[in-house]
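Okay, everyone, thanks for coming.

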Amino acid sequence: MTVFVCAACSGPLTEDVQLSEMPSGPEFDGRVGPDGIRRAPATVPRGFYALDPEPWGPPFLLTDEPVAMFPGGPCASPPDGAGFLMSGGPRDTIVLHCDDAPELCTDRDGGHWGCCGLHGENGLNQLCPCGTAVGTRISECYTAYELHLDPRRVRAGR
Ligand SMILES: [Zn+2]
């Protein structure tokens with residue numbers, strides 16, 4: 001079991017979580033959840049974490065292939081409309097259920113909010129209580145529902 005802590009202040013960020021394989025992610029069923037918010041089922045069940053081997057999040061690189069910006073996410077073009085954006089972000093981000101990191105608070109600035117939740121396109125949006133940005137939560141109606149901790153900004157506490 002592991003508690004991830006902030007690399008800057010060593011404060012705990014997550015519940016005690018256990019490593020699992022990276023799940024494929026449940027299909028979005030379009031249903032409104034019990035809290036009245038439309039979003040996908042959680043990728044990782046509570047109490048577990050997975051390491052995502054694929055590049056995740058910003059910076060985004062240009063490609064000719066119509067790929068999703070991130071798994072479960074939309075295809076998007078840069079502002080000039082030429083080509084598509086693909087993630088050039090870090091590999092091995094730590095993927096958790098959003099409810100397993102109760103210490104984190106969402107950055108209110110930075111244009112992170114979409115129509116129903118957080119779209120993740122502007123990068124790190126989850127802050128340690130010390131103010132350090134440590135991860136990205138996505139919870140928009142067209143994205144997966146998951147939290148990615150940046151492996152360069154957190155470490156395993158025990
Ligand atoms: Zn901190």
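So, which element of the protein has the lowest mean pLDDT, and which the highest? Strand 5 (residues 84-87) has the lowest, at 91, and strand 1 (residues 4-6) the highest, at 98. pLDDT, remember, is the predictor's confidence in each residue, from 0 to 100. This is a predicted model, where local features need pLDDT of at least 70, side-chain atom pairs count only at pLDDT 80 or more, and totals for chains, interfaces and linings use all residues. Numbering starts from 1 along each chain, as its sequence is written. The protein averages 88, with 93% of the residues scoring at least 70.

We've got seven strands in an open sheet, order 2-3-6-10-9-8-7, with mixed pairing. Strand 2 (18-19) and strand 7 (105-106) are at the edges with a single partner strand each, so one side of each has no neighbour in the sheet. Strands here are DSSP E runs of at least two residues, numbered from the N terminus, and two of them pair if DSSP finds at least two bridges between them.

Now look at strand 6 (residues 93-96). Strand 3 (residues 48-52) pairs with strand 6 antiparallel, over four bridges, and Tyr49 has Leu96 as its bridge partner. Strand 10 (residues 146-149) is also antiparallel to strand 6, with three bridges; there, Ile94 sits opposite Leu149.

And the faces? Side chains in a regular strand alternate between the two faces of the sheet. In strand 6, Thr93 and Val95 on one side and Ile94 and Leu96 on the other are all buried, meaning 20 or more other C-beta atoms within 10 Å of the residue's own, with C-beta atoms placed from the backbone.

Definitions and conventions:
Buried ≥ 20, exposed ≤ 12 C-beta atoms within 10 Å, placed from the backbone.
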